[in-house]
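Let's take a walk through this model together. Here are the sequence and the structure to keep open as you read.

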Amino acid sequence: MLDLIIRGGTLPDGRVCDIAIAGDRIADIAQRIDGTAAQEIDATGDLVSPPFVDPHFHMDATLSYGTPRVNASGTLLEGIDLWGELRDLASVEEMVERALRYCDWAASMGLLAIRSHVDTTPDHLNTVRAMIEVREKVRPYIDLQLVAFPQDGLYRAANGRANVLRALDMGVDVVGGIPHFERTMADGAASVRDLCEIAAERGLPVDMHCDETDDPHSRHIETLAYETTRLGLQGRVAGSHLTSMHSMDNYYVSKLLPLIAEAGISAIPNPLINIVLQGRHDTFPKRRGLTRVKEMQAMGIPVGWGQDCVLDPWYSLGTADMLDVAFMGLHVAQMTHPQEMARCFTMVTETNAAIMGLTDYGLEKGKLASLVILDAANPVEALRLRATRLAVVSKGQVIAQTPRADAEMSLSGRPRTVARRH
Ligand code: FE2
């Protein structure tokens, strides 16, 4: 007996299919599935996609905007200072409550897998305790990966290194870092080596905030590529942000990109945050700060889009909608060719899932039955509209539904419905 059939939806590749679900698995996916199920959803004309995935977030800080005050300069560094105060004021219970509220938003948007960096700087590690609790609480509907993130530096903070190891011992999934924030370029490079060796010893992935600066000479991605290759970590290392690459010398980048490709490193730019935080010290012309997305993709380097922040010391907006993230990325990276626009949608679904190592992901028979039905005909229209998530299915359960948002117009006494679909 089937539990759910989704009829006649259009997949991102354009195929029109029925999808049958039994338990938490996709039982079948075919042009026409005979039989009945306990529940049926008519998705005729609508886009049925695998769920959205966010490979870069800060769930310990989310929904804290304005506490203890707003970021007046709008810079990364004032955000780090503000968070430094907040993380000692917030209780475990408060952080869990804020994170669960965010996860409700995420689930309603079809965002069902998130990798969150967790600050390991304070000795109390309340951030880690809170996020491990959240990971367990949301497990039935969201896959949450945690990264041990030494926000104030592996060496620059008093117990930076020891606390990363404590967090990993507590069950955090991924090794993080912040080499550009260490005291010197040499310390930054040493931290990359040290953290990659920790990951190699423990068999863990690496996801490092790397070169999140406008400084064209911040070149820790070069060290990350070198250490990844030296330690045989290919395929399990990601470099987040990489904004310095925006400002680097073109000749140097022509040498760097093949090294990143050879190391099998993934890149995770965060366009909403990069466009807001970078270039703050410029007058005019003012740099965009987003890394070289299309150029890396042309080299075969996997590039996803990350959200990074929602309503926190670094970003005063945000809704947990990965279509907002892709929409901003599309504009800033000038990815306006039809194939590039479609790729922006794939970046926040399949590419991000691959970066997070989600092997049970995708609209295929036998995979986990997680998907989202959008009020759009295709991925590009979904981006243009930031389309309504008509239904979200997680692990076989319909967990959220939103009515179609067509306007009811009344002009010259003639009522009519106006949809924004093309
Ligand atoms: Fe971040």
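What kind of arrangement do the four donor atoms around the iron ion make? The angles they subtend run from 85 to 178°, which makes the arrangement irregular.

Before going on, a word on the model: it is predicted, with local features needing pLDDT of at least 70 and side-chain atom pairs counting only at pLDDT 80 or more, while totals for chains, interfaces and linings use all residues. Residues are numbered from 1 along each chain as its sequence is written, and side-chain values use heavy atoms, with hydrogens and water left out.

Back to the metal. Its protein donors are His 56 (NE2), His 58 (NE2), His 209 (NE2) and Asp 308 (OD), at 2.1 to 2.4 Å from the iron ion. Donors here are N, O and S atoms within 2.8 Å of the metal (3.2 Å for Na, K and Ca); water is not among the atoms, so the site may look incomplete. Along the chain, the donors are spaced H-x1-H-x150-H-x98-D. His 58 sits in the loop between strand 6 (52–57) and helix 1 (76–89), and Asp 308 in the loop between helix 9 (293–298) and helix 10 (322–332), so this pair links parts of the chain 250 residues apart. (Helices are DSSP runs of H or I with at least four residues, strands runs of E with at least two, numbered from the N terminus.)

Now for the helix packing. Helix 5 (residues 185–202) and helix 6 (residues 220–230) pack at about 30°, with axes 9 Å apart. Axes are lines fitted to C-alpha atoms over the stretch in contact, and angles run from 0 to 180 degrees between N-to-C directions. Helix 5 and helix 6 are therefore roughly parallel, a label for angles under 35 degrees.

Finally, the axes of helix 10 and helix 11 (residues 338–355) come within 9 Å and cross at roughly 135°. Met 322, Leu 323, Ala 326 and Leu 330 in helix 10 meet residues of helix 11 including Phe 345 and Val 348.

Notes: Parallel < 35°, antiparallel > 145°, perpendicular 65-115°, else oblique. Tetrahedral: all angles 85-135°; square planar, octahedral: opposite > 155°, others 65-115°. Contact = heavy atoms within 4.5 Å.
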